[in-house]
Amino acid sequence: MRAGRDGGGVTGAVEDVDQFRARARAWIEANLEPRDPSLPREFDFAAERALQARMFDAGFTGFMFPTEYGGLGLTIDHQRAFFEEAAGYFTPSYFAVSIGMLGATILDCGTEEQKTHHLPAILRADEIFVQLLSEPSGGSDLAGALTRATRDGDTWVINGSKIWTSGGDVATHGLMLARTDWDVPKHRGLSMLIVPLGDHPGVTIEPIMQVNGDADFCQEFFDDVTVPVGNLLGAENEGWAVAQRLLFNERNTTAGIGIGHGYMANLSGSVRGDATIGERLQRLLHAAARRGADTDPEIRRLIGRTGVDLVAHEFARRRIMTGQTLGALDGPWGSLLKLGEGIDSPAIAADALAIAGASGVISVDDAAGGDQGAAWIASRGISIGGGSNEMQRNIVSERLLGLPRELDPSRELPFSEIQERRRRAQRDRTPSGGHR
Amino acid sequence: MRFDLNDDTEFLRATTSRFIADEMSMAATRALASAPDGFDRDTWRRAAELGWTSLLAPASLGGGGLSDNAVVDLAAVAEEMGRRVAPGPLLPVNVVVDALARGGEPALVQEVVPGLMAGDTIAAWALAESRDVWGVDGLGETVVREDGDHLVVSGHKRFVEAAASADVILVSAMSPSGPTQVLVDARADGVTVIPGRSIDLVRRFADVAFDGVRIASDAVVGTMGDAAGDIEHQCQLALALQVAETVGMLDDVYVTTVEYLVDRWSFGRPLASYQALKHRLADMLLALETAKGCAEAAADAVGTDDANVRRDVGVAKAYVGRAAIELLGECVQLHGGIAMTWEHDLHVYERRAAVNRAVYGSPEYHEERLCALVETGAV
């Protein structure tokens with residue numbers, strides 16, 4: 001437990017979960033809008049933001065954040081209780097990243113002033129934080145960042161570009177990993193900075209249209225952007241430790257075991273109108289029934305198998321949450337759950353193509369038509385975003401199983417030397433045989 | 001092993017683990033491969049003294065669980081047995097004890113259950129028939145009808161675990177008024193046990209033919225014609241124990257396989273340093289932890305008769321049944337040639353995993369059932 005209502009440290013005066021649940025239920029029934037799972041709903045950012053502020057004002061967000069930073073100082077059981085009660089209602093889902101990943105990292109690594117200044121604003125969605133980690137030059141190798149931050153008096157001057165930023169277009173701030181020393185090995189020359197976005201001078205934000213036609217991601221360009229030295233999160237050149245903490249919080253949030261929003265996504269199924277397991281299976285059955293395939297044993301088995309995979313993953317999550325709560329599990333277990341989602345998502349989407357048939361990919365006067373095709377096209381998002389399946393497999397094998405690490409010359413050599421080697425290799429490369 | 005066992009259950013688990021290490025070594029199990037029972041009666045008696053057959057028995061006979069969920073307690077035993085692919089009729093004996101505790105006539109319970117609790121007698125449960133359907137929906141071939149103040153059982157049961165060793169057989173059958181269960185003396189006139197060979201080294205299955213077997217009417221377990229719920233519960237209990245056992249097996253072989261790849265060197269470095277192999281071990285850990293989560297959820301749901309118990313148990317069987325075959329196959333592949341030898345233990349685990357996949361309903365059967373639950377809005 002991080003803190004209690006009396007502010008800081010462990011306290012015995014935390015509200016009883018059942019009592020909290022009853023209070024939450026009364027508020028939810030009086031204030032939230034019931035959800036009709038059969039009606040897909042357009043995502044409305046402004047409405048979600050307003051709802052987040054209302055929940056904050058009513059005292060139903062930031063469950064596990066300390067009270068002195070705007071949180072409730074409660075436990076994961078309270079958080080779970082709230083979202084169990086809210087399962088049939090719309091709750092804001094957009095801010096899981098800002099709160100669970102970035103807010104949690106500021107809580108872990110920030111100065112008193114940074115925490116006091118930013119955390120209440122993040123919990124209320126007055127400030128919306130994103131992560132500025134990946135760069136166009138390399139997706140998984142975050143420590144290979146080329147974005148440069150140079151100290152100039154009381155400011156940092158930033159030049160470079162970040163990419164794959166979910167929600168970059170609506171964010172107010174980002175946590176940026178930037179290179180502050182080029183003459184040491186790559187992990188030792190990075191710093192984490194709090195960078196204002198929006199219309200901050202020198203910041204250009206361009207949405208990236210994704211395979212499904214949405215533009216949830218952005219690329220950001222930074223041209224002589226200045227921020228005060230006080231925006232350094234953690235120590236200078238120790239940004240990698242902060243990034244590790246951020247990645248830890250990211251995996252936990254993605255896996256639904258984090259402190260920010262934790263379990264809500266899966267229980268309420270409300271992430272941008274996503275459905276619960278039961279609703280997803282009902283939709284598959286309806287898709288099969290539309291073409292008379294709901295009596296086909298093979299199709300029925302595929303629907304059953306989809307259900308098995310979805311529910312089994314919940315059971316894995318339950319086990320790992322229990323292990324973490326009781327202190328029996330330590331380390332990046334969220335990576336294992338994230339890997340499970342990254343493997344299941346495309347496999348389940350591919351099965352849905354088989355279940356739905358033509359109307360899964362073609363829509364003629366049919367609101368539900370084409371759903372499965374669109375879902376399949378987007379299904380690799382979770383297998384790649386937030387650390388690809390391959391990265392998770394490295395983490396699981398090296399940090400959970402303790403197997404030997406991959407060779408990485410850039411751990412030892414100065415980053416400038418690695419850059420020089422790369423330039424030489426690209427210059428000296430000869431065309432590969434057989435294809436030219 | 002689950003993280004939330006209470007102290008008493010943890011004590012049982014640890015005691016069980018030591019007992020199996022001392023009394024049910026792999027060498028001992030291999031030696032039993034040619035024994036008719038596939039287990040040693042005296043060892044089973046001593047295992048029973050540890051509580052293996054008492055957890056679901058009535059408190060009036062000295063039985064009962066150690067935690068607030070006796071199925072979790074028993075699953076801990078099953079998991080430890082799985083680690084060593086141990087012999088012994090844990091599943092059928094406990095299913096029959098549970099069925100009698102829930103629905104047996106007091107006199108019948110008093111007569112039969114103490115022997116089962118002591119390990120002196122053995123019980124089998126005859127469920128499947130020639131259609132290989134492990135549930136109420138598979139019944140029809142074996143029937144119970146009334147004949148004066150007696151009952152007559154006729155038909156044919158298949159794949160009955162420990163039938164050739166059993167003193168009593170719980171028969172799930174149809175009667176004119178609906179599904180009915182009766183307890184039959186295995187030596188009664190008209191009962192013929194036809195021993196089979198399973199690919200498991202020590203787990204024995206047999207067919208049982210009932211040729212007009214006359215039994216007393218107080219041998220009905222539960223209500224005549226109304227046993228569907230009891231049979232469903234027995235299936236769930238059997239599956240909770242089966243998946244716990246399988247998970248114990250998988251945990252053991254996975255740890256062994258990781259250690260093997262760490263210790264073995266090729267081309268100047270440990271096998272476990274190759275990314276292609278590390279990534280497979282990561283995927284296998286995911287399957288293993290998911291299987292553990294499934295087994296825990298199944299035991300939780302069965303022991304508390306949770307509203308989602310049908311879904312949870314079906315999911316557990318379908319997932320664990322499939323994952324076991326895939327994971328064991330990967331373990332063999334990663335071991336290489338040594339795992340294709342009789343002397344190496346991996347095939348002993350594979351044998352039981354293949355049997356466990358099939359009995360009490362295949363993953364395919366449970367996937368169809370899950371789809372049917374979706375259809376009725378129960379999922």
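In chain B, the C-alpha centres of domain 2 and domain 3 are 29 Å apart. The domain assignment, whose bounds are automatic or taken from a database, divides chain B into domain 1 (7-118), domain 2 (123-219) and domain 3 (228-375). The model is predicted, so local features need pLDDT of at least 70 and side-chain atom pairs count only at pLDDT 80 or more, while totals for chains, interfaces and linings use all residues. Residues are numbered from 1 along each chain as its sequence is written, and chains are lettered from A and ligands numbered from 1 in the order in which they are written.

Domains 2 and 3 of chain B meet through 14 residues of domain 2 and 15 residues of domain 3, a contact being two C-beta atoms, placed from the backbone, within 7 Å. On the domain 2 side, strand β5 (residues 178-185) of chain B supplies the largest share, three residues. That side holds seven nonpolar, five polar and two charged residues; here Ala, Val, Leu, Ile, Met, Phe, Trp, Tyr, Cys and Pro are nonpolar, Asp, Glu, Lys and Arg are charged, and the others, Gly among them, are polar.

Taken as a whole, chain B has 11 helices and nine strands (DSSP runs numbered from the N terminus, H or I over at least four residues for helices, E over at least two for strands). Its radius of gyration is 21 Å, close to the 21 Å from the globule rule for 379 residues, so chain B is as compact as a globular protein of that length; the radius is taken over C-alpha atoms, and the rule is 2.2 Å times the number of residues to the power 0.38. The C-alpha trace of chain B spans about 80 × 50 × 40 Å along its principal axes. Of its 379 residues, 55% count as buried (20 or more other C-beta atoms within 10 Å; exposed means 12 or fewer, partly exposed in between, with C-beta atoms placed from the backbone). Among contacts in chain B between residues at least 6 apart in sequence, 75% link residues at least 24 apart.

Strand β3 (residues 150-161) of chain B pairs with two strands, pairing requiring at least two DSSP bridges. It runs antiparallel to β2 (residues 143-147) of chain B, with five bridges, and B:V144 is partnered with B:V153. The two strands form a hairpin with two residues between them, and B:G148 in the turn has a positive phi of about 65°. Nine bridges connect β3(B) to the antiparallel strand β7 (residues 205-216) of chain B, where B:V208 stands opposite B:K157. Also in β3(B), B:F159 has a positive phi of about 55° although it is not a glycine; B:F159 is buried, with 22 other C-beta atoms within 10 Å.

A:D224 sits in strand β7 (residues 217-228) of chain A and counts as exposed, with 11 C-beta neighbours inside 10 Å.

The contact between the chains takes 35 residues from chain A and 32 residues from chain B. On the chain A side, the elements giving two or more residues are α8 (277-290), α9 (297-325), α10 (333-356) and α13 (389-400). Helix α9(A) gives the most, with 18 residues. By class, this side has 19 nonpolar, nine polar and seven charged residues.
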